[in-house]
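Colleague: Before I look at the model, could you show me how to read its aromatic rings, pockets and enclosed spaces?

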Amino acid sequence: MTSNGTLVVGAVSYDPKVVDIWEGFKAWFGNHDLSLDYILYSNYERLVESLIDGQVDVAWNSPLAWVRARRLAAAAGLSVRAIAMRDTDCDLRSVIVALPDGEIDHPSDLKGRTVAVGAPDSPQATLLPLAALGASGLHPNDDFTVRVFDVLGGKHGDHVGGERDAARALVAGEVDATCLLMANKKLFESEGLFEPAGVSVIASTEPFDHCNFTVTSAAPAGLVEEFQRLLLGMSYDDPETRPLFDLEGLRRWVPARTSGYEQLERAVDELGFYDDSGRIAAAGYSY
């Protein structure tokens, strides 16, 4: 693992604001007597591999990255644990939406149709909703055509670009339904991409959780414990941290839980994204 009394955190640079976020966190933790540095990666696959190899002590993981980290760690004789997440990471839902023209009101109406999804590695806009449709008896590429909007592979859908393009395709009449995060449906409505009452929800996933800070059993325990303590003690009322919270999209850090990833674990297996050892199994996946 890393040494010299500095905790090294890895994250994925899915947006220019990520640099501002981690520069701010590095300064804040330094002012609270914890030496922290960070490494930014272009994709979660490399980040997770670096976590398991000990090149970083803590990974700011997507939900899909958590699934891979858990599997890779087990294959390497390690274990992982999640130590914190945002309040906004809990109990999310993805939805499948269609135009409210009366042609598609239920999942069964999608048989023989075209469904748009986001990036192939997006839990929220691809893996979870496709698995939900599968559970309803509709199998991707057998019962309906999947049109993938592959934007910035390796970032696990954090960029939202593919999700937004899939939404545009629905509005343009190029597809019959679109998969997206419920929160992004509301975002696209506020942006004017969807008109008010412009789309109808025809199906929904069960609640799931999003990102977490992940550490392995080989991480420096004392530094990790202090990082967790300081992180959970951060306050939105602190003028120094509020801008960072706003950029990162939270009001408070909360202790992590892992029960919210069970649905994604099943989706990964059903859709063949990773194997049991965390190796990438998805054909043609590029990151």
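This is a predicted model: local features need pLDDT of at least 70, side-chain atom pairs count only at pLDDT 80 or more; totals for chains, interfaces and linings use all residues.

Colleague: How is a pair of aromatic rings described, and how many aromatic pairs does the structure hold?

Modeller: A pair of aromatic rings is described by two quantities, the distance of the centres and the angle of the planes. The structure holds 17 aromatic pairs, and one of them is formed by F188 and F194, whose centres lie 6.0 Å apart with 75 degrees between the planes, an edge-to-face arrangement.

Colleague: Are F188 and F194 buried or exposed?

Modeller: F188 has a relative accessible area of 0% and is therefore buried, and F194 also counts as buried because its relative accessibility is 2%, the cut-off for buried being under 20%.

Colleague: What kind of aromatic pair do Y236 and F245 form?

Modeller: Y236 and F245 form a tilted pair, with 6.2 Å from centre to centre and 40 degrees between the planes. Y236 has a relative accessible area of 14%, so this residue is buried, and F245, with a relative accessible area of 0%, is buried as well.

Colleague: Which residues do ring pairs link into a cluster, and what sits over the ring of Y236?

Modeller: The cluster that ring pairs link together consists of W22, F25, W28, F29, Y38, W60, F213, F227, Y236, F245 and W253. Over the ring of Y236 sits the charged end of R251, at 3.9 Å from the ring centre.

Colleague: Turning to the pockets, what volume does the largest pocket have, and which residues are the closest to its centre?

Modeller: The volume of the largest pocket is about 620 Å³, and its lining is made up of 28 residues, of which Y14, K17, R86, D158 and V160 are the closest to the centre. Two or more lining residues come from each of the elements β1 (7–12), α1 (17–31), α6 (182–191) and α8 (242–248), and α1 gives the most, with four residues. Sorted by class, the lining of the largest pocket has 14 nonpolar, seven polar and seven charged residues.

Colleague: How much space lies in the second largest pocket, and which elements give two or more residues to its lining?

Modeller: The second largest pocket holds about 470 Å³ of space, and it is lined by 22 residues, with T126, L127, L130, N141 and L271 the closest to the centre. The elements giving two or more residues to this lining are α4 (123–135), β7 (145–148) and α9 (262–271), and α4 gives the most, with five residues. The lining of the second largest pocket divides into 12 nonpolar, seven polar and three charged residues.

Colleague: A pocket is open, whereas a cavity is a space from which a probe cannot get out; how many cavities of 30 Å³ or more does the structure hold?

Modeller: The structure holds one cavity of 30 Å³ or more, and about 60 Å³ of space lies in the largest cavity. The largest cavity is lined by 14 residues, and those nearest its centre are A119, G157, V160, G161 and G162.

Colleague: Which helix gives the largest share of the lining of the largest cavity, and how does this lining divide by class?

Modeller: Helix α5 (residues 161–171) gives the largest share, with three residues, and by class the lining of the largest cavity has five nonpolar, six polar and three charged residues.

Terms used. Residues are numbered from 1 along each chain as its sequence is written. Side-chain values use heavy atoms; hydrogens and water are left out. Rings of Phe, Tyr and Trp (its six-membered ring) pair if their centres lie within 6.5 Å; planes under 30 degrees apart count as stacked, over 60 as edge-to-face and the rest as tilted. Buried means under 20% relative accessible area, exposed over 50%, partly exposed in between (1.4 Å probe, protein chains only). A charge sits over a ring if NZ of Lys or CZ of Arg is within 6 Å of the ring centre and within 35 degrees of the ring normal. On a 1 Å grid over the protein atoms alone, a cavity is a set of points where a 1.4 Å probe fits but cannot get out, and a pocket is an open set with protein on both sides within 12 Å along at least five of seven lines; lining residues have an atom within 4 Å of a point. Grid points are joined across faces, edges and corners, and a volume is the space filled by probe spheres set on the points. Ala, Val, Leu, Ile, Met, Phe, Trp, Tyr, Cys and Pro count as nonpolar, Asp, Glu, Lys and Arg as charged, and the others, Gly among them, as polar.
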